[in-house]
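User: Please take a close look at a single part of this model and describe its surroundings in detail. Then set that part in the context of the remaining structure.

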Amino acid sequence: MHLMVCGGTGCRSSQSVQIVENLNQELKKAGMDQEVQVVTTGCFGFCEKGPIVKIYPDNIFYVEVKPTDAAEIVAEHVVKGRTVQRLVYKDPAGGKQIPASTDMPFYGQQIRIALRNCGLIDPENIDEYISVDGYQALGKALSTMTQQQVVDTLKKSGLRGRGGAGFPTGLKWQAALKQKSDKKYIVCNADEGDPGAFMDRSVLEGDPHSVIEAMAIAGYATGADEGIVYVRAEYPLAVKRLKIAIAQAEEYGLLGKEILGSKFSFRIRLSLGAGAFVCGEETALLNSVEGSRGEPRMKPPFPAEKGLFGKPTIINNVETFANVCPILLNGPEWFASIGTEKSKGTKVFALSGKINNVGLAEVPMGITLREIVENIGGGVRDGRTFKAVQIGGPSGGCLPKSLLDIPIDYESLSAAGAMMGSGGMIVMDDTDCMVNIAKYYLDFTVDESCGKCTPCRVGNKRLFEILERITDGKGTMKDLDDLEVLGGTIRDASLCQLGQTAPNPVLSTLKHFRDEYIAHIVDKRCPSGVCQNLIHYVVVADKCIGCTVCARNCPVSCISGERKTAHVIDQERCTKCGVCFSKCPVDAIVKE
Amino acid sequence: MAKLKSMEELAKLRDDMKNRTEMRVTGTNPDRIVLSVGMATCGIAAGGRDTMKTLVEELEKHGINNVSVVATGCLGYCYAEPVVEVRFPDKGPILYGDVDVKRAREIVDQHLVKGILLDHAIIGKGAGRR
C-alpha cells in the first residue's frame with residue numbers, strides 16, 4: 001500500500017511535511033511500516049483542498065488532511081480497510097462524497113501530459129521516474145534516431161512554446177541544428193513571473209527529471225553539450241529538487257560523458273534569477289545568465305543563431321520541455337490528435353481568483369473557457385456573479401462573460417485581446433473594478449520595465465497616470481482616446497514582449513468594459529465600489545438607531561449625531577476607511 | 001549505483017523498478033480488476049494478511065498487472081473468513097470464503113488467468129454493475 005502525500009509548495013505550507021512524519025510514526029506503531037510506504041509527491045493540482053493524501057491501490061483521495069488525521073488514516077484505512085469518510089472530497093453541488101479522484105469534476109476533463117508524473121511519483125527518486133518510462137525517450141533518441149529525425153518528430157507533433165508566444169518548438173530546434181558552431185547551448189526558461197501562475201514551479205517540483213531528460217534530448221537533436229536552467233531563486237523547493245535530480249542523473253550516467261554508451265555528452269547547470277520579471281524575456285534572460293543587466297537584445301539575430309555568449313542557443317519554457325518525452329515515446333501523431341488544428345496538445349492553467357477550485361489543471365487545447373471556469377474550476381466563489389477572467393498575466397487581457405464560449409487556443413485568445421501567456425487564469429466577480437484591475441497590472445509592468453526603451457519606460461508610466469486620474473474621478477472622455485492611441489504606440493514601438501504586451505490589460509478592459517470607464521469619468525462612480533475616491537459612506541436615516549457606535553469608532557471623528565437620533569457623516573473630512581461600515585450593528589451605513 | 005552504459009541496461013532497470021509504481025498506475029485505471037480482502041479484526045485473525053500476501057505474489061508470478069489488491073473492512077461473513085471479493089469491471093462481484101493460501105493461489109490460477117470460477121468456494125454473487 002502506498003500513501004501519497006502532496007509535497008508541493010502549497011501543501012507543504014499547510015503542514016504536509018508534518019503529515020508525512022506522523023503517518024510514518026503511526027505506521028511504525030501499528031507495525032506496518034514495512035508493508036506500507038509513505039511517498040512525498042509533486043503537486044496534485046487540487047490546491048484548493050490541500051493538503052492531499054492519495055491512497056493506492058484503493059484509489060482513495062483524501063482532502064484537507066491535517067497532521068492530526070494521520071492516526072485515524074492508519075488505524076481505520078490502513079489497518080482495517082475502512083475509508084475515512086470525513087476526509088473524502090464532497091461534491092459542493094450535491095454534497096455527494098466522491099472517494100476516487102478519477103470521478104471528481106475537477107479531474108474529469110483533464111488530460112495530463114506535462115503533469116503526467118505530478119502526484120504519481122516521488123520527485124526526489126530517479127528510480128521512480130525510470131519506472132514510469134523515464135529516460136526511455138532519451139535512450140530511444142540516442143540509439144535509434146538521427147538528429148534530424150528528432151527535430152522532424154517535434155515539427156510533426158505541432159508542439160508550440162508554452163511560455164506564451166507559441167512559437168513552433170520544432171522550427172526553433174531546426175534553426176539551431178542548422179547553425180554550424182563549436183558550441184551550442186540549451187536553456188530552460190524557468191523564470192516564471194506572471195502573478196498567479198505556478199505551473200512551471202509545479203513541474204519542476206513534481207517531476208524535475210522530465211525537464212532534464214527533455215533538455216538532454218534537445219542537446220542531442222541540435223548538437224549542444226551544455227544546458228542551463230534559469231530558475232528564480234524564489235523557488236527554493238524547485239531549486240532543491242532540480243539539484244537532487246541533476247546529481248542523480250549524473251550518478252546514473254544519464255547526464256555527463258558518453259551517455260548510455262553513445263558519443264553524446266551533456267551536462268546541466270542551474271543559474272538562479274533574482275526575480276526581475278523582464279528576465280523571463282528570452283534575450284534579457286541570456287544577458288542575465290552572462291552576468292550582464294537583464295535587458296532585452298534586438299531580434300534578429302534570434303537566440304537560435306546568436307544566443308548565449310554569442311553561440312546558437314535554444315530557449316524553451318519548462319512546460320514545453322515537459323511535453324517532449326511523451327511525444328518521442330508515443331509518436332507525433334498521438335500528440336497532434338489532441339487539441340485544435342493550429343494548437344496541438346494540452347495547456348496547463350493555474351486557476352486562481354474568485355473561483356471555487358483554485359489549482360492547476362491541464363486541459364486539451366480547444367476546450368472552452370466556460371468549461372474550465374464552470375466544470376473544472378467549480379464556478380465563482382460564494383455564489384457571486386462572474387464578471388471576467390484575466391488570462392496571460394500582465395501581458396494578457398480580461399475577457400467578459402460574452403466570450404466564455406471561445407475555444408482556448410493561441411489564435412482565438414489573441415483575437416479576443418487576451419493571450420495564452422504562461423497560462424495564469426484569474427477569475428473576477430462583480431466586486432472587482434475592471435479599471436482598477438487594469439491599473440494593478442500596469443503598476444506591475446511599470447515597476448518591472450527595465451527602462452531600456454522609451455515607449456515602455458515612459459509610455460507605460462503615462463498610461464498608468466491616466467488610469468490613476470480616472471480612478472480618482474478626475475478623468476475626461478478624451479482620456480479614453482489617449483489610452484487607446486498611447487497603448488497602440490507602446491505595443492508597436494517597444495523593444496521586447498514585456499513592453500509590447502503591457503498595454504493589453506488596459507486595451508482589453510477598455511474594449512470589453514468601456515461602460516465601467518465611462519461610469520468613472522461621467523458619473524464619478526465606481527460601479528463595483530472599489531475605487532476609494534469615488535465611493536461615499538452614507539448613513540440611511542430610517543435605519544439608524546442612534547447607538548453612536550460609528551461615531552465612537554471613527555478615527556477622524558467626522559460622524560456627528562445625538563443618542564437615539566440619526567447620525568450624519570461629514571463627507572469633507574471622511575477618509576473612507578470603512579470602519580463605520582463594518583461596525584454598524586444594523587447595517588444603516590451604505591457604500592455609494 | 002554504477003553508471004548505465006547502454007540502452008539495454010536502462011531498459012532492465014526500468015523493468016526492475018516497475019513494481020515501485022505499478023500499483024499507482026493500475027489504481028487509476030478504470031478497467032482494472034479489484035480483489036478486496038476482508039481485513040477487519042476477524043479477517044486478520046483468520047489469516048487475511050497471508051491471503052493478501054499470497055494474492056500479490058501470485059499476480060506478480062503470472063505477470064498480471066491490471067489488478068488492484070485492496071484491503072477492505074468486515075463484510076459480515078465472519079464464519080467464512082478470510083473472504084476475498086473478485087470484481088471485474090464489467091461483471092458482478094464474486095465472493096469467495098475460507099480463502100487460505102492454497103485457495104488464494106487457485107483464485108489467481110483459475111478465476112483470473114483462465115476465467116473459471118471456483119464454484120465450491122463461492123459464498124455470494126452480486127448483480128452486474130453495468
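Analyst: Helices (H or I, at least four residues) and strands (E, at least two) are DSSP runs, numbered from the N terminus, and two residues are in contact if their C-beta atoms, placed from the backbone, lie within 7 Å. The model is predicted: local features need pLDDT of at least 70 and side-chain atom pairs count only at pLDDT 80 or more, whereas totals for chains, interfaces and linings use all residues. Residues are numbered from 1 along each chain as its sequence is written, and chains are lettered from A and ligands numbered from 1 in the order in which they are written.

The residues of α3(B) that are buried are B:G48, B:T51, B:M52, B:T54, B:L55, B:E58 and B:L59. A residue is buried if 20 or more other C-beta atoms lie within 10 Å of its own, exposed if 12 or fewer, and partly exposed in between, with C-beta atoms placed from the backbone. Seen down the axis of α3(B), these buried residues fall within an arc of 160°, so they line one face of the helix; the arc is that of the directions from the helix axis to the C-beta atoms. An α-helix has 3.6 residues a turn, so residues three or four places apart point the same way.

The length of α3(B) can also be checked. At 1.5 Å a residue, its 15 residues (48-62) should span 21 Å, and the end C-alpha atoms are 21 Å apart, which agrees; the expected span is 1.5 Å times one less than the number of residues. Just after α3(B), B:G63 takes a positive phi of about 70°.

Chain B, to which this helix belongs, has four helices and five strands, and from the N terminus on its elements run α-β-α-α-β-β-β-α-β. The C-alpha trace of chain B spans about 55 × 35 × 25 Å along its principal axes, and 35% of its 130 residues count as buried. Among the contacts in chain B with a separation of 6 or more, 67% are between residues 24 or more positions apart.

Turning to the partner chain, 27 residues of chain B are in contact with 27 residues of chain A. On the side of chain B that touches chain A, α1 (7-27) and β2 each supply at least two residues. The most comes from α1(B), with twelve residues.

In chain A, the domain assignment gives domain 1 (2-106), domain 2 (126-335), domain 3 (346-429), domain 4 (434-521) and domain 5 (536-591); such bounds come from an automatic or database domain assignment. The C-alpha centres of domain 3 of chain A and domain 5 of chain A lie 40 Å apart.

A:L351 stands opposite A:M425 in β15(A).

Most residues other than glycine have a negative phi, and most peptide bonds are trans. The peptide bond from A:Y56 to A:P57 is cis, with omega near 5°, and A:P57 is in the loop between β3 (53-56) and β4 (60-62) of chain A. Phi of A:L260 is near 50°, a positive value, in the loop between α11 (236-251) and β9 (267-273) of chain A. A:L260 is buried, with 21 other C-beta atoms within 10 Å.

Notes. Pairing = 2+ DSSP bridges.
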